[in-house]
Amino acid sequence: MGRPKVLLLGKIDHAHVAWQTIADIADVIQPKATNRDEFIAECKSGALDDISVAYRTFDSVKITGKIDSELLDAFPKSIKFLCHNGAGYDQIDIPACTAHDVRVSNTPTAVDDATADVTIWLLIGALRNLPIGIEALRAGKWRGSPPPKLGHDPQGKILGILGMGGIGRNVATKARAFGMRIRYHNRSRLSPELEDGAEYVSLETLLAESDVLSLNLPLNPSTRHTIAAPQFALMKPGIVIVNTARGAVMDEAALVDALASGQVSSVGLDVYENEPEIHPGLLENPNVLLVPHMGTWTQETQQKMEEWTIDNVRLAVKEGKLKSIVPEQTGLAA
Ligand SMILES: O=CC(=O)O
């Protein structure tokens with residue numbers, strides 16, 4: 001039997017030492033394709049035959065497009081493991097992977113601190129109307145005229161967290177240091193230990209009573225547009241919303257309307273429905289604080305995410321298993 005073959009979809013930017021441990025035990029193959037059609041043709045040419053494990057980055061979607069049934073049909077049948085570098089894996093159709101006997105891993109926990117830090121930054125910035133002041137200052141108008149309306153303190157405000165996984169809980173811990181009262185809604189209630197004093201409420205109560213809403217739920221077919229026009233209508237008027245999860249968990253056009261009517265007073269966004277495009281209604285609105293998907297954009301976290309993904313690749317090559325299989329596939333035979 002020859003050496004195992006590992007497909008690298010995207011680049012290793014930081015964890016070169018860890019990646020060398022893969023090169024020591026496997027042949028690493030990089031596709032020549034630069035778009036999906038070319039990639040499918042390359043798969044069909046046999047150039048990727050015998051690959052058993054693939055490492056992929058978020059940006060590699062530019063080469064392959066979404067990992068869906070069409071792509072999995074083209075992949076060599078030898079592929080058994082797909083190791084995604086990222087916490088969110090909405091670019092991958094998990095049921096299709098399961099049907100094709102491909103196990104998928106992501107990088108939970110590695111992203112929690114960095115993503116929660118940006119969440120808090122957006123939360124404070126949106127509460128304090130900082131984008132209006134920043135824009136006026138850059139335009140040479142100091143605070144502008146009229147100046148931004150006064151912001152609000154986080155102390156004593158209710159922070160509603162929708163999605164209380166690792167990132168949501170990390171946001172809760174950090175927000176407590178700002179004196180916020182934490183409530184959450186999640187598919188299922190957490191143990192008291194994980195709740196750490198956060199109050200579990202229904203989605204309706206979360207929307208109706210939160211001063212600030214933080215979206216920390218994964219994007220999948222059942223969470224798409226969880227926040228849309230009917231949900232905006234239920235919210236406490238003047239609510240502040242922060243989204244560092246995925247743009248499409250919220251209906252962006254409905255958000256633009258809710259901002260225009262004042263139902264939502266301000267918003268802090270790291271993610272968008274059709275990245276890198278941004279709804280013009282968000283770009284035009286001074287009550288919108290935006291960053292371009294930089295939730296995990298730190299040296300330390302990028303390094304950790306690559307190393308975590310490489311750990312999955314190594315385990316898959318050596319032992320035929322994964323360190324962090326996605327929850328939808330836990331319990332499936334390896
Ligand atoms: O967006 C970042 C991630 O999913 O890790």
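Ala, Val, Leu, Ile, Met, Phe, Trp, Tyr, Cys and Pro count as nonpolar, Asp, Glu, Lys and Arg as charged, and the others, Gly among them, as polar. These classes are used in the legends below, which describe a predicted model.

**View 1. The shell around the ligand.**
Seven names make up this view: Gly 86, Ala 87, Gly 88, Val 111, Arg 246, His 293 and Met 305 surround the ligand. By class, the shell holds three nonpolar, three polar and one charged residues. Ala 87, Val 111 and Met 305 are in the shell and belong to the nonpolar class. Arg 246 is also in the shell, and Arg counts as charged.

Start at Gly 88. A polar atom of the Gly 88 backbone is 2.7 Å from an oxygen atom of the ligand. Next comes His 293. Here an N or O atom of the side chain lies 2.7 Å from a ligand oxygen. For Arg 246, the distance from a side-chain N or O atom to an oxygen of the ligand is 2.8 Å. How much of the ligand does the protein bury? Alone, the ligand exposes 190 Å², and the protein buries 86% of that.

**View 2. Two domains.**
The protein is split into domain 1, residues 5-109 + 300-329, and domain 2, residues 112-290. Their centres, taken over C-alpha atoms, are 32 Å apart. Five residues from domain 1 and five residues from domain 2 take part in the contact.

**View 3. The area buried between the domains.**
Together, domain 1 and domain 2 bury about 540 Å² between them. Carbon and sulfur atoms carry 46% of this area. Which residues of domain 1 lose the most area to domain 2? They are Phe 58, Asp 90 and Thr 109, which together give 64% of what the domain 1 side buries.

One salt bridge is found across the interface of domain 1 and domain 2. Asp 90 and Arg 246 meet through their side chains in a salt bridge, with 2.7 Å from N to O. On the side of domain 1 that touches domain 2, the classes are one nonpolar, three polar and one charged residues.

Key:
Residues are numbered from 1 along each chain as its sequence is written. This is a predicted model: local features need pLDDT of at least 70, side-chain atom pairs count only at pLDDT 80 or more; totals for chains, interfaces and linings use all residues. Side-chain values use heavy atoms; hydrogens and water are left out. A residue is near a molecule or strand if one of its heavy atoms lies within 4 Å of it. A polar contact is a pair of N or O atoms within 3.5 Å; within protein, one must be able to donate a hydrogen and the other to accept it, and residues adjacent in sequence count only if both atoms are side-chain atoms. Accessible areas come from the Shrake-Rupley method with a 1.4 Å probe; for residues, only the protein chains shown count as cover. Domain bounds come from an automatic or database domain assignment. Contact means heavy atoms within 4.5 Å. Buried area is the accessible area (1.4 Å probe) that two parts lose on being put together, summed over both. A salt bridge is a side-chain nitrogen of Lys or Arg within 4 Å of a carboxyl oxygen of Asp or Glu.
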